[in-house]
Structures are given as C-alpha cells and as structure tokens.
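Hello! I start with a backbone detail and then move on to strands and cores.

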Amino acid sequence: MPRPSQLLHPQRNPAPPLPAATVLLLRDAPEGIEVLMTRRSLTASFAPGAYVFPGGGIDAADAAAHAHAARRPAQSAQHLTQAIAAIRESFEELGVLLARRADGSPATADDIAALDRHGPFVPQCAARGLTLAADAVYVLAHWTTDRDLPRRFDVPFLAARMPEGQTPVADEAEQFEPVWVRPQDALARHAAGDFFIIFPTIRTLERLKTYASVDAVLTACAGERPLWTSCPRAGLLAGEVARYMEHEPPFGELALVSPDGQIVHALDWQSERPVPLLKNVMRLTAPNKGFMTGPGTNSYLVGDARTGYIAIDPGPHDAGHVERLWRAAGGDIRLIVCTHSHADHSPGAQPLQALCGGRPPILGLPSQPTARPASRFVPDRALQDQELLALAGQAPEGEITHTLRVIHTPGHAANHLCLLLEEDGLLFSGDHILNGSTTVVDPPDGDMTAYLDSLDKLDAACAAGDARFILPAHGHVLGSARQVIAQLKAHRLAREAKVRAAMQALPGGSLDDWVALAYDDTPPAVWPIAKRSMLAHVQRLQALSS
C-alpha cells in the first residue's frame with residue numbers, strides 16, 4: 001500500500017453507509033421486461049427528483065419480523081431481513097404488497113385497502129393473517145454509495161415479480177409518478193434528459209435490459225448471491241463528475257489517487273502536462289495514441305525534488321515529450337530505465353540522457369537476437385533480476401527513500417522487465433500487463449510460456465511486497481493487482497483452449513483458418529494482430545505435446 005506520506009490529498013473518513021434495501025418489481029410485457037420506477041421528492045435528502053426503484057432504510061422491526069415471512073431454505077437471515085424491508089417500503093411508498101393469505105393465495109385489493117400505509121406494517125399484516133412473501137424476493141446486486149457523498153447507503157438491489165392484480169399508487173410524499181418502463185427506454189429517456197436516474201440505477205438497468213423475461217432474471221438470482229457488488233468511485237472527465245465500477249478502466253487509478261473518495265482527479269488523456277499519481281510518482285503520456293498504443297505510451301517519474309528522479313520508459317523519439325519529461329523532473333533525473341526495447345518505449349532514452357547535465361545511465365536489458373530490427377536496444381548497463389535501484393534524500397521527518405526492485409519478465413519481449421516500488425507497493429508493468437487490452441506476444445521475441453511464467457512471478461512479487469496497484473505502459477492505473485494478474489492468466493489460458501479446439505477441428509488448417517475460430521469473439525479487423533499471439537499459443541501447445 002502507498003505510504004500515507006505520499007498521498008496527494010489529506011486522508012479523511014467517508015460517511016459510514018446506512019443499511020437499506022430496494023426492490024425491482026418486474027413484469028413481462030409484449031415488448032420485453034418492464035420494471036416499476038417512481039420519482040423521488042424534489043426535497044429528498046438523497047437523489048432528489050431521481051427516478052428510482054422503491055426502497056428505503058432497514059429498521060429493527062424488519063429484523064424482528066422473520067416469523068411473519070416465508071423463507072427459502074438457502075435464504076440467509078440477512079437476506080430475509082433485507083427482503084422484509086423491501087416489501088415494507090414498496091407497500092408504504094407505492095401500495096404494492098408482496099404477501100400471501102393463510103390459504104397461500106396472494107394478498108388482495110381488499111387486504112391492501114384494509115392496511116394503513118402509515119401504521120406499523122408487520123403487526124397489521126399479522127392481524128389479517130398475511131405472511132410476507134420474502135421467499136419471492138431475490139438478491140440481484142449489492143451497491144454501496146460512493147465515498148464522496150455526505151449520505152451513504154449499503155443497499156442490496158432485490159428483484160421480485162409484480163403481484164397480479166395490483167396497481168401501484170404513490171404516497172405523494174416520498175414518491176411520485178410510478179411508471180412501468182423497459183430498461184432500455186429508461187436509459188434512452190435519461191440520455192435525452194427527461195428521466196433523471198443516478199449511477200447505480202443506470203448500471204442496474206444496463207444489465208437488466210439483457211434479460212428476456214422475469215423468469216430469466218429470477219433464475220439468474222437463484223444462487224442467493226449478488227450478481228455483482230460495487231462501491232463506485234468518481235473522478236473528473238471533461239470537467240464533469242464521472243463514476244466508475246470496479247471493472248471499468250479508471251477505477252484503480254481513482255483508488256490510488258483519491259482513496260477516500262475525493263473528486264479531484266482528472267481522467268482526461270493529454271500529453272502536455274504530467275499527471276501526479278502520488279507525491280513521488282508522476283505519469284506523462286506520449287502523444288503517440290493509436291490502435292496498438294491506446295491513449296499513448298506512459299512514461300513515469302519516480303522520486304521527488306529531495307531525492308531526484310528515476311525515469312521509466314522515456315517513450316518514442318519525440319523531442320517534445322522528452323523535453324516535457326525532463327522539465328517535469330526539474331532536470332534532476334538520476335537513472336533512466338527502459339522496461340523493454342520496443343519502439344514506443346526506449347528510443348527516447350538517449351535524447352533524455354543528453355538533456356540531463358549529469359548524463360544519467362540508461363538501464364535495462366539488451367535486446368536479444370530474436371528482436372525485430374526496430375527494437376534494437378543496448379543499455380549503458382544491463383540490470384540484474386531482483387536488483388534494487390534506490391533514491392534517497394532528507395525530509396523533515398528524516399531520510400526518505402524510493403526503491404525499485406527489478407523483475408525480469410520475458411514473454412512480451414525477451415528483454416522485458418517490470419519494476420516494483422517497494423515502499424509504496426506499486427508495480428510498473430511495462431507492456432506485460434495493460435489496462436484495457438491484452439498485450440501481444442509475438443514470436444520469436446515473444447514467448448507464451450515465458451509470458452505465463454512471468455505472470456506467476458509477478459503475482460508472487462505482489463504478494464511478498466503487498467503491491468496492490470499496477471501502473472501499465474498503456475492505460476490507467478489498475479487496482480487489485482493480484483486479482484488482475486489472476487484474471488489475465490485465466491483469460492490467456494481460456495484463449496489457449498480455443499486455439500487448441502481450433503487446431504483439433506481443422507488439423508490441416510493454417511493460422512488464417514484457426515484465428516477465425518479461436519478469435520470468433522473479436523472483430524475480424526483485429527485478426528491480423530491476434531494471429532501473432534495465436535502463433536505463440538500454437539508454439540506453446542506444440543511444445544507441450546512433444
């Protein structure tokens with residue numbers, strides 16, 4: 001984990017989330033599934049004027065009402081309490097009652113009319129012999145409100161079929177204008193500006209629209225676990241607040257820069273200015289965006305004005321980028337490290353060295369004979385696996401250090417290496433791990449077995465060094481480092497299984513034949529590049545079989 005002393009923004013404690021529950025009441029319609037939504041009061045303390053699913057806070061009476069609710073065998077006590085709260089809230093807000101009479105039949109309009117929506121809910125139901133249909137309420141998702149908000153909730157999004165014969169009637173106090181709407185229509189109306197919904201609702205509707213029927217939704221929820229769990233993070237994009245879930249590319253960067261939820265970090269890609277990530281880490285992205293480089297190649301500066309800087313991956317031979325990198329370090333660059341020799345990573349090293357008065361050494365691993373002509377690279381000194389590169393200086397609190405551990409990681413290139421900033425648990429991954437795509441493993445300099453072995457090596461290094469963030473050469477910072485590595489390895493092995501299946505289906509086929517089968521989930525325009533990694537898989541499979 002990063003040292004608190006290196007965080008850019010003062011630490012703070014986000015507001016504690018309050019327990020709540022919300023329910024998606026669903027019905028089948030001729031044009032697809034519909035969900036019941038209602039508009040919150042314009043004076044509400046949370047999301048005023050937004051269209052939401054009915055719900056609210058969980059209280060002690062909900063937890064005490066288990067005896068008055070039907071329960072699935074695998075339904076936990078916590079999920080039962082949440083279901084009871086959602087049933088109560090949907091009745092109080094919309095007059096919808098998920099309950100059964102003593103004979104097992106659904107609650108009727110007469111039952112609903114006999115209950116006071118402002119009175120104690122469970123005792124009234126019990127008095128009429130009604131059992132709450134909590135066994136018909138399933139967990140769909142679990143959200144925790146973003147850390148930046150003054151009022152936060154820890155809330156499951158539940159799902160249930162709308163009872164037959166009931167008509168929602170808003171309480172006209174908390175909720176107004178109940179409406180049945182298809183998820184895709186709600187999203188379209190929101191985009192048009194006439195149906196305001198907040199981030200968790202948007203993301204939930206985006207997933208809900210993929211289901212063809214209510215049965216399909218409830219079947220997906222039968223595992224008694226949320227289909228997804230999220231506590232989003234927010235940054236600035238084009239000057240506006242933008243929120244992201246854990247699987248989305250900017251999330252890890254926001255976790256590093258603004259761990260307590262401060263909305264201060266701009267996510268726009270630009271090449272004119274360095275982007276501070278910690279007090280001792282800056283990123284400057286080269287203006288070489290493209291299909292293979294994404295938003296551009298990330299150069300990093302590690303260190304501070306007291307210790308001087310180590311420059312990682314000075315990038316392509318771009319005079320403007322090199323000069324901006326030099327100026328960002330105040331000219332005090334002590335070492336220049338190239339993660340590998342590819343043309344968007346190492347050519348800027350010598351021009352950067354020439355700008356620096358002390359001619360800092362260029363470090364890395366020399367390119368191997370297998371490298372392509374455009375990737376020839378000879379460092380001033382070859383680094384050793386597990387070697388330490390250290391900066392030190394004096395701070396008011398004493399000596400401060402920034403130490404990079406060198407990790408040789410062949411696979412993408414034979415001379416590829418990664419760097420672990422030990423004091424702050426940051427892994428600079430070069431091209432071995434990217435954000436937003438998988439790296440190309442291109443033989444003969446690329447080797448798939450070496451690539452997979454290097455992933456295992458990086459996982460062990462992250463475990464030993466408590467490294468939780470990955471800073472790639474392309475794309476935003478990644479969080480949950482070991483999870484990312486595990487998912488990447490699983491993805492590679494799954495792709496390899498498809499390659500094997502393609503080879504078995506067409507034993508006399510060519511790479512062109514196999515790529516159409518093994519990469520049928522990618523656009524054909526990508527296949528010429530995909531073939532390069534597929535060749536690495538083919539060579540690995542042939543080696544394993546022999």
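1. Gln386 counts as partly exposed, at 35% relative accessibility; here buried means under 20% relative accessible area, exposed over 50%, and partly exposed in between, with a 1.4 Å probe and protein chains only. Its phi is near 75°, a positive value in a residue other than glycine. You will find Gln386 in the loop between β19 (381–382) and β20; helices (H or I, at least four residues) and strands (E, at least two) are DSSP runs, numbered from the N terminus.

2. A word on the basis: this is a predicted model, in which local features need pLDDT of at least 70 and side-chain atom pairs count only at pLDDT 80 or more, while totals for chains, interfaces and linings use all residues. Residues are numbered from 1 along each chain as its sequence is written, and side-chain values use heavy atoms, with hydrogens and water left out.

3. Ser480 is another residue to check, with a positive phi near 50° although it is not glycine. It sits in the loop between β24 (469–472) and α12 (481–505). With a relative accessible area of 45%, Ser480 is partly exposed.

4. Please look at the peptide bond joining Pro443 and Pro444 too: it is cis, with omega about 5°. Pro444 belongs to the loop between β23 (426–430) and α11 (448–465). As background, most residues other than glycine have a negative phi, and most peptide bonds are trans.

5. Now the strands, where pairing requires at least two DSSP bridges between two strands. β20 (residues 388–395) and β21 (residues 398–408) pair in the antiparallel sense over eight bridges, and they form a hairpin with two residues between them. Ala392 has Thr401 in β21 as its bridge partner. On to β22 (residues 417–421): β21 pairs with it in the antiparallel sense over five bridges, and Ile407 is bridged to Cys418.

6. The largest nonpolar core has 36 residues, and Leu26, Val35, Met37 and Leu205 have the most contacts inside it. Such a core is a set of buried Ala, Val, Leu, Ile, Met, Phe, Trp, Tyr and Cys residues joined through side-chain atoms within 4.5 Å. Elements giving two or more residues to this core include β1 (18–29), β2 (32–40), α5 (183–192) and α6 (199–208). A second, separate core of 35 residues includes Leu80, Ile84, Ala107 and Ala133.

7. Which residues does Val35 touch, not counting residues up to four places away in sequence? Among them are Leu24, Phe53, Trp180 and Leu208, where contact means heavy atoms within 4.5 Å.
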